Structures are given as C-alpha cells and as structure tokens.
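Here are my comments on this model. They cover the ligand site and then the chain interface.

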Amino acid sequence: MASVVVLENVGKRYTTVKGKEIHAVKDVSLSVQTGETVGIVGPSGCGKSTLLRLIAGVERPSSGSIHREAAGGHFIVGYVFQDSSLMRWRTVYDNIKLPLEVVKKRDLGNVDRLIDLIGMKGFERSYPIELSGGMQRRVSIARAFVHEPSIILMDEPFTGVDELTKEALQTELGNLIRTLRATALLVTHDIEEAVFLSDRIFVMSPRPGAIVEEIPVNLPAVRDASTRSNLEFVAAAGRVRAKLLELHAMRVEAAT
Amino acid sequence: MAGVGRTTRLSLQGLAAYSLPVISFVAGVVLWQLLISLFRIPAYLFPSPSAIVQVFFTGHVNWLQQTWITLNEAVTGAVIGVIVGFAIAVVITLSAPLRKILMPYIVALQVLPKVAIAPIIYILLGFSNTSRVLLIVILTFFPIVINVSTGLTDVDRNLIYLLQSLRAGQATIFFKVRLPNSLPYFFDGLKIAVSGALVGAIVAEFVSSNSGLGFLILNSQYTFNTVAAFGAFTILTVLGLLLYAAVIVLARQLMPWYRSG
Ligand SMILES: Nc1ncnc2c1ncn2[C@@H]1O[C@H](COP(=O)(O)OP(=O)(O)O)[C@@H](O)[C@H]1O
Ligand SMILES: [Mg+2]
C-alpha cells in the first residue's frame, strides 16, 4: 500500500513574543497509508494542531522532513477545525464550494453530492447563523471532502458538541470516509472518538509532543452504534487510556 | 389556555417595546409646551414646540435650501472620507512598513479633538466649500480606518490556514476572507461616520460659511432668533436619525447573514 504522507523525525520549536523558546513537537515519525484513518491522541497542548499545520504545509518543521505523495495530481489536504470555522457570510452551498473555487475546479457536482451525503438538502441557501451546532459541523466536514483531497486532516472535529449529537456525527463521518474511500488523520483528546474512527492510533506525550506508542484497532471497517460495546473497542480504548495515564503520572512525578 | 396567555404576554411586551418610547417622547414635548406657557418664558430665551413648528412656515428662512446645503456638504464629505478611510485601512493591513510609517499620524489624529482644526483649515483653504468638505472628511475617515482595519485583521486564523493549505495567495485570502469579514466592522464605523459628518458640517459652517444650518444657528445667536436655532436643531436631529437609519437598512440589505449581539 502506498503512503500519502511520511513524517521523519519532525520537530517544531516556536519562539514566543517574549523570546521564550517552546518545543511544541519532538521527533515525530509516522506515515499514513492510502485509505486508512490514523488517530493521534494526546493531552491538550501537546502539539496536535501544530502537527496538522506542518502536514498541511502552512508551517514548516524546525527539524526533520515531511514527504507528501500525490496520487495522480498534486498533494492537497482537506481541513476540519475544532469550531467548524465556516464563513458566516457564505451560504451552506457556497461554504462547501469554497475549496473548489480556490483550486479552480470548474465541476461543482461534488457540492450537491456532499450536501446530499451529509443530509443537508433544503439548507443550501441557509447561512451558518441559521444552523444548529451539529449542522455547522456537517457543513465543515463536507467542505473538507469536496475537492477530493489526498488526505483529510481533522483537528478535534467534535469538541463542544453534546454527547448524543457527537456520537451520531462520528458515525456519519466514519460512513463518509468509507463511502468516499478517503485517507484521514484525526487528532483528538477524546479516546472513544479516536478508537471509533481509526484503524490505528498513535499516543502522544505531553509537550514536547512525541509519539510514544502505536495501538492497532482491530474493528470491522463498517462501524455503528453497536461498535461501541464491541469488546475490541473497549480493549483498545483501555489501552490508549492506560498509556495516557502512565504519561500523565510520569509528568506529575517529574514535576514533584 | 396556556397558548392564549403566552400570546397576550408577548403582544403586551411588543406594545411596551414600541409604544413606550413614543409615549415618552410625546409626553416630553407636551410637558415642554406646558412649562413654557405656565412660566411665560419668552421665545428668544427658550421657544415652545409650537413656536418651533411655526418658524418653519414664517418665510424668513428658506429651510429647504439651507438644509440642502448642509446635507450636501455632509454627504460629500462622508463619501470621500469613507473612500479615503477604506483605502488607508487596506494599505495599513496589507503592508507592515506602511503601517509603521503611517501609525504616528493616525494616532496623533486619533487623540486630537478634530474640530479644533477647523479655523486652521479655513486659513489654509479659505472661505470655500473645499475647506468645509475637508473638515468633514477628517472627521469621517477616522472611524472607518479604525473599524475596517480591525475587520480586515481580526479574522478566524483557521480560515487563513484553510486557504493557505489550498495554496491561495494573499490576494485570494484578502478577497475571500478579509474583505467580507470586515463588512460588519465597516458598518459600525459608518454609523459613527455619519454622525461625525453632521458635526463636521455644522462646525465648518460656524467658521467659514454664509449659508447652511450651521451658519443659520450662528446668525440666530447674533440676532437673538432662538426659535430659528431650535428649528435648525430639529432638522439636524431628523437628518441624523435618517442617515443612521439609512446605514442600518443598507447593512441589513448587504449582510443578511449578520446578526449583531
Ligand atoms: N504560533 C505559536 N507561537 C508560539 N507557541 C505556539 C504557537 N502555536 C502553538 N504554540 C504552542 O505549542 C504548543 C502546542 O500547541 P498545539 O499544537 O496547539 O497543541 P494541541 O493542539 O495539542 O492542544 C502549545 O504550548 C502552544 O502554546
Ligand atoms: Mg489543538
């Protein structure tokens, strides 16, 4: 299977306005294969968003290298943000269409196809302010898929959504990824979310964020509400939780 | 029954929301009229509402013409001020060096009470329409610069990342993110600018004019024609309200996606 992105010893340091050096990401090596969904779980502040910005190419790593493979064409990402980040001055239709305008694709067929897939038919002309939080997340997800990107980068896509809506949205997102045969990288601090959506999970340490363990998720490709009570689901979530707790304990010990 | 109760309460609230300000205003005017008659205050000291209404029909002043002169100055100055202000806002958000070069002047103008410049503009440009319009431009461009440059800068970081990840250049980011993002800020600035335009027109006429509502007020002072001054106040209040309402209507038309608060 071909890789879509390969990270080799990627590190990122920031200098704050006060001149303080922050080591955000340390020595991260990983690869994402075509068609898989990889989860990265870590505590907040460990460099997850930074890692996605490096992969998206909006920031450059301070050390190491990132190889981006373009399957027939050029490498391009789809981006889903924590708080949906829609353009409030654009309708649902125009928000989803945005990436096609920027990459200058003429064929707008995907816009209607995605509106259909996310169940938002009839809301094409609505503005974000007129939508519920859950609907806004759906639109931001559709926007990430519309230009058929090489990889979908998701940054805590359902933070702040109520629990029931969140589970429904996770099921829909999983189905969408499978239907469109997309490759995805999901960063989150939500263990169940990572297990539910991923084929394998990397656990990240607190800052400087480094990958400390890879945990496979041996669940069937088709997942629904019942998956959450599957023994393998519970076991994988337990392993991720145990690792995160261990890292947390180590940090507390080091601090005392 | 519960439904009926709710409807009644809602309409009562609605009634209170719309009628209370009207009642308050009418009561104030009536009280004013009564107090003037009761204490027999002469019109040259403080005219009654009925005297102000009469002054519009006495024929000494061509109210339409004077109003037109002032409104024309205010609108001309505001339009130029808005265009200049918008251009400066774009320049200082897009170019860091130009921002640094222009900043001291912008800050200096910000803290200066701008009407203080009025007599000097009169010395520089004389007794002309240009000098009056220039003062209005100075008063109106400022809130536009401040608000629009905030609107162009204060954008959702994620939207910038999104466009950069799609390899959009600065121009695309400007037209697709920054410019539309600045619209609500622009209209907030425009609300301040239109009231500034009227202030500017009046002050400019105080120092360098022989016509317009500002000149009329100044002239009333010399002739003890207080009623005429109050007539001018009334017209200025109505003009201010109309300009403000026009901005709100325009904002609603151009930003159906925006709800303030
Ligand atoms: N542009 C920046 N300048 C300085 N520090 C930054 C910058 N971006 C992120 N950081 C710091 O890097 C660390 C990792 O941030 P982030 O990637 O947002 O973590 P996460 O997404 O896992 O919560 C944090 O301590 C954050 O304050
Ligand atoms: Mg983050």
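1. In this predicted model, the shell around ligand 1 holds five polar, three charged and three nonpolar residues. The charged members include Lys48(A), Arg53(A) and Arg207(A).

2. Which helix gives the most to the shell around ligand 1? Helix H1 of chain A, residues 48-56, does, with four residues.

3. Polar contacts to ligand 1 deserve a look. Thr50(A) places a polar side-chain atom 2.5 Å from a ligand oxygen. For Arg207(A), a polar side-chain atom lies 2.7 Å from an oxygen of the ligand. Cys46(A) uses a polar backbone atom, 3.2 Å from a ligand oxygen. Ligand 1 alone exposes 560 Å², and the protein buries 69% of that.

4. Now the interface. Chain A brings 27 residues to the contact and chain B brings 20. About 2100 Å² is buried between the two chains, with 67% of that area from carbon and sulfur atoms. Leu166(B), Lys176(B) and Trp257(B) supply 32% of what chain B buries against chain A, more than any other three residues.

5. How many salt bridges does the rule find across the interface of chain B and chain A? One. The side chains of Lys176(B) and Glu101(A) form a salt bridge, at 2.8 Å from N to O.

6. On the side of chain B that touches chain A, helices H7 (157-165) and H8 (170-208) each supply at least two residues. H7(B) gives the most, seven residues. By class, this side has 12 nonpolar, four polar and four charged residues.

Definitions and conventions: Residues are numbered from 1 along each chain as its sequence is written. Chains are lettered from A and ligands numbered from 1 in the order in which they are written. This is a predicted model: local features need pLDDT of at least 70, side-chain atom pairs count only at pLDDT 80 or more; totals for chains, interfaces and linings use all residues. Side-chain values use heavy atoms; hydrogens and water are left out. A residue is near a molecule or strand if one of its heavy atoms lies within 4 Å of it. A polar contact is a pair of N or O atoms within 3.5 Å; within protein, one must be able to donate a hydrogen and the other to accept it, and residues adjacent in sequence count only if both atoms are side-chain atoms. Accessible areas come from the Shrake-Rupley method with a 1.4 Å probe; for residues, only the protein chains shown count as cover. Contact means heavy atoms within 4.5 Å. Buried area is the accessible area (1.4 Å probe) that two parts lose on being put together, summed over both. A salt bridge is a side-chain nitrogen of Lys or Arg within 4 Å of a carboxyl oxygen of Asp or Glu.
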